[in-house]
Amino acid sequence: MINLLEKYAFDVSLWLYAIGALIFLLYAVTEKSRLATGAMAAVGTGLLAHTVGLTARTVNIGRLPFANMYEFIVFFAWGLVLVYFVTQRRHPVPLLGAAIMPVAVILMSAARIMTSPARPLMPALQSYWLQSHVATAVLAYGAFGVSFGIGILYLIKDSQPVTVSSTSLSTMPQGSSLLPSTETLDKLMYRVIACGFFFLTLVLITGAVWAEQVWGAWWSWDPKETWALITWLVYAIYLHGRFTRGWRGRRAAWMAVFGFVAVMFTLFGVTWLMPGMHSYS
């Protein structure tokens with residue numbers, strides 16, 4: 001019963017995320033605010049179904065779903081949508097869903113292809129530190145996914161031509177009804193990245209503690225450990241540049257985009273191309 005509930009809940013969430021993404025794209029074309037409201041309703045309902053599916057999986061296997069790629073991708077997609085939903089509620093940017101939801105759809109579609117039955121945990125994974133490690137990774141990656149979407153919107157906004165009013169010498173960016181100012185997007189991007197960086201730091205700390213317990217070493221330069229550190233350094237450079245050199249604008253937006261590319265390579269590329277101690281994931 002729980003297995004069927006899990007499957008149906010994840011399928012429903014995938015379809016609702018896809019519907020939300022399509023409605024957001026229609027909103028981008030028509031600029032009708034009721035479409036943005038409808039898209040948020042679809043995403044919110046999808047997040048609820050997604051949560052039900054994760055809960056069913058957790059109850060079924062008696063732990064957080066993190067032991068294989070299927071489980072982590074589903075968990076990651078949930079974290080991405082959750083962080084997006086919270087961000088949208090606190091700092092509304094209706095068009096942000098058009099950049100975020102396609103990523104969630106791709107993740108859930110990939111998970112659907114690689115559906116894996118629940119199996120007992122291997123001894124190395126039976127640790128509360130590992131559960132903390134994975135939970136913080138989900139929040140960190142979710143935040144970086146949202147910052148990626150904000151970075152894309154910033155680049156679009158910044159590339160828009162300006163029109164000069166026929167009645168004044170002031171300029172008005174085109175599409176201003178859909179996107180806030182570049183300054184607002186830049187500040188929001190910084191806040192989301194700072195939040196994600198905090199959780200990514202916890203990822204490295206909890207992972208090191210877990211590794212010491214299991215393998216007797218805090219750090220072993222496993223490919224996934226190395227790329228997690230590279231990702232951490234990318235965002236550390238972004239934050240350092242912002243505070244010491246005043247990095248703003250397009251450079252910061254491109255850093256947000258590049259950082260999420262590093263996140264995705266750490267998740268997919270390293271797992272499939274660089275076997276190591278994390279290969280079981």
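Which helix is tyrosine 17 found in? Tyrosine 17 sits in helix α1, and I'll come back to that residue at the end. First, some ground rules.

This is a predicted model, so local features need pLDDT of at least 70 and side-chain atom pairs count only at pLDDT 80 or more, while totals for chains, interfaces and linings use all residues. Residues are numbered from 1 along each chain as its sequence is written, and side-chain values use heavy atoms, with hydrogens and water left out.

Okay, the overall layout. The chain has eight helices and two strands. Both kinds of element are DSSP runs numbered from the N terminus: helices are H or I with at least four residues, strands are E with at least two. Reading from the N terminus, the order is α-α-α-α-α-β-β-α-α-α. There are 281 residues in the chain, and 50% of them are buried. Buried here means under 20% relative accessible area, exposed means over 50%, and partly exposed is in between, with a 1.4 Å probe and protein chains only.

Let's go to helix α3, residues 69-90. α3 has 22 residues and reaches 31 Å from its first C-alpha to its last, close to the 32 Å expected at 1.5 Å a residue. That expected span is 1.5 Å times one less than the number of residues. Of those 22 residues, 18 are buried, so α3 is mostly covered. At its N-terminal end there's a cap: a side-chain oxygen of asparagine 68 lies 3.2 Å from the backbone nitrogen of tyrosine 70. For a polar contact, we want a pair of N or O atoms within 3.5 Å; within protein, one must be able to donate a hydrogen and the other to accept it, and residues adjacent in sequence count only if both atoms are side-chain atoms.

Now the rings. How many aromatic pairs does a search of the whole structure find? It finds eleven. Rings of Phe, Tyr and Trp (its six-membered ring) pair if their centres lie within 6.5 Å; planes under 30 degrees apart are stacked, over 60 edge-to-face, and the rest tilted. Take phenylalanine 76 and tyrosine 141: their ring centres are 5.8 Å apart and their planes are at 75°, so this pair is edge-to-face. Phenylalanine 76 is in α3 and tyrosine 141 is in helix α5 (residues 128-159), so the pair links parts of the chain 65 residues apart. Phenylalanine 76 is buried at 0% relative accessible area, and tyrosine 141 is buried at 9%. Ring pairs also bring in Phe72, giving a cluster of Phe72, Phe76 and Tyr141.

On to charges. Side chains of opposite charge can pair when their charged atoms come close. The rule for a salt bridge is a side-chain nitrogen of Lys or Arg within 4 Å of a carboxyl oxygen of Asp or Glu, and the count by that rule is seven. One of them joins glutamate 6 and arginine 57, at 3.0 Å from N to O. Glutamate 6 is in helix α1 and arginine 57 in helix α2, 51 residues apart, and both residues are buried. Another joins aspartate 186 and arginine 242, at 2.9 Å. Here the link runs from helix α6 (residues 182-215) to helix α7 (residues 223-245), across 56 residues. Aspartate 186 and arginine 242 are both buried. Salt bridges that share partners also join Glu6, Arg57 and Glu71 into one network.

There's a local one too: aspartate 11 and lysine 7 meet at 3.1 Å. These two are four residues apart in α1, so about one helical turn separates them. Aspartate 11 is buried at 15%, whereas lysine 7 is partly exposed at 45%.

Glutamate 31, in the loop between α1 (2-30) and α2, has a positive phi of about 65° although it is not a glycine. Most residues other than glycine have a negative phi. Glutamate 31 is partly exposed, at 43% relative accessibility.

Finally, back to tyrosine 17. Is tyrosine 17 buried or exposed? Tyrosine 17 is buried, with a relative accessible area of 0%.
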